[in-house]
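Subject: Structure handover

Hello,

Here is the structure for you to look at. Please open it first and then read the notes below it.

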Amino acid sequence: MRVERLSSHQFAIFLTFDDLIERGFTSEEIWHDAASVRRLFSEMMYDASDELDIELDGMLLVQVFMMQAQGMHILVTQTNDLVSEDDDYIEMKVTLDESHELIFLFDDFENLIQVASYLSPLGIEKGQVYHMDGCYYMLFEDKDLADVEVESIIAVMLEFSCPSIITSYRLREYGKVIYSTDAVKQIMTQFY
C-alpha cells in the first residue's frame with residue numbers, strides 16, 4: 001500500500017492486487033462483500049492516517065477506482081461536516097467505480113519498442129505514450145482494445161513493463177506526451 005498526501009484535507013491510497021491478496025481479498029470480493037469492504041477501508045484509513053500523521057474525524061468521502069491491471073486507486077477527502085460528538089466516530093461514504101484503462105510503466109524506451117513488436121501482430125495499433133519522472137508510460141483506453149482479449153495484452157505487457165499506479169489524469173496533466181494516438185503503429189513505423 002502506498003499513501004500520498006494531496007492537500008491538507010485529501011490523500012490518495014494506491015493498493016495493488018498483491019496488496020489486496022495480502023489483506024485476504026480478491027478483486028471480485030470487493031464488489032460483492034460489503035461488510036469485508038467496510039473493514040478493509042477502515043483499516044486502510046487508520047493506516048494512512050498514521051503514516052501521514054493526519055487526524056481523521058467527521059465525514060470521509062472515499063472514491064475507489066478499480067484499475068484492470070494495476071489494482072485500486074483510492075481518493076479520500078475529509079470534509080468539515082462533523083457527524084457526531086464522538087471523536088472516535090468516522091463516517092465514510094464510499095463510491096466504487098471501475099476503470100477500463102491499462103497503464104504500464106517502462107524504465108527504458110527500448111522496452112516500449114520491443115513490446116510494440118509483439119502487440120502489432122495482435123492487431124493493436126493504438127495507445128498513448130508519456131514520459132514522466134524519468135519513466136515511460138503506455139496507456140490504453142477501453143476503445144483502444146476493442147475486440148481484443150485484454151488478459152493477453154496484460155500478459156505481453158508484463159513481460160516488458162510493470163503495472164502503473166499513476167492515473168491517466170495525472171499522466172495527462174504532468175507527463176510529456178510522446179505519442180498522443182496510435183502509439184504502437186507509430187513505434188512500428190519509426191523503429192521497424
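Which strands does helix H5 lie across? Helix H5 (residues 150–160) lies across S6, S8 (135–140) and S9, and its direction is at about 15 degrees to that of S6. Axes here are lines fitted to C-alpha atoms, for helices over the stretch in contact, and angles run from 0 to 180 degrees between N-to-C directions. Helix H7 (residues 183–191) also packs on the sheet, where H7 touches S7 (128–132), S8 and S10. Contact means heavy atoms within 4.5 Å. The direction of H7 makes about 65 degrees with that of S10.

Before the rest, some notes on the source. This is a predicted model, in which local features need pLDDT of at least 70 and side-chain atom pairs count only at pLDDT 80 or more, while totals for chains, interfaces and linings use all residues. Residues are numbered from 1 along each chain as its sequence is written, and side-chain values use heavy atoms, with hydrogens and water left out. Helices (H or I, at least four residues) and strands (E, at least two) are DSSP runs, numbered from the N terminus.

The sheet

Five strands make up an open sheet with antiparallel pairing, in the order S9-S6-S8-S7-S10. S9 (162–163) and S10 (176–179) are at the edges with a single partner strand each, so one side of each has no neighbour in the sheet. Two strands pair if DSSP finds at least two bridges between them. S6 (residues 102–106) pairs with S9 over two bridges, in the antiparallel sense. Leu105 has Cys162 of S9 as its bridge partner.

Two helices

The axes of H4 (residues 109–119) and H7 come within 9 Å and cross at roughly 105 degrees. H4 and H7 are therefore roughly perpendicular to each other, a label that covers 65 to 115 degrees; under 35 is roughly parallel, over 145 roughly antiparallel and the rest oblique. Among the residues in this contact are Phe109 and Leu112 of H4 and Val184 and Ile187 of H7. By class, the contact has nine nonpolar, one polar and no charged residues. Ala, Val, Leu, Ile, Met, Phe, Trp, Tyr, Cys and Pro count as nonpolar, Asp, Glu, Lys and Arg as charged, and the others, Gly among them, as polar.

The largest pocket

A pocket is an open set of points on a 1 Å grid over the protein atoms alone, where a 1.4 Å probe fits, with protein on both sides within 12 Å along at least five of seven lines; lining residues have an atom within 4 Å of a point. The largest pocket is lined by 22 residues, and Phe65, His73, Thr167, Tyr169 and Arg170 lie nearest its centre. H6 gives the largest share of this lining, five residues. The lining divides into ten nonpolar, six polar and six charged residues.

Regards
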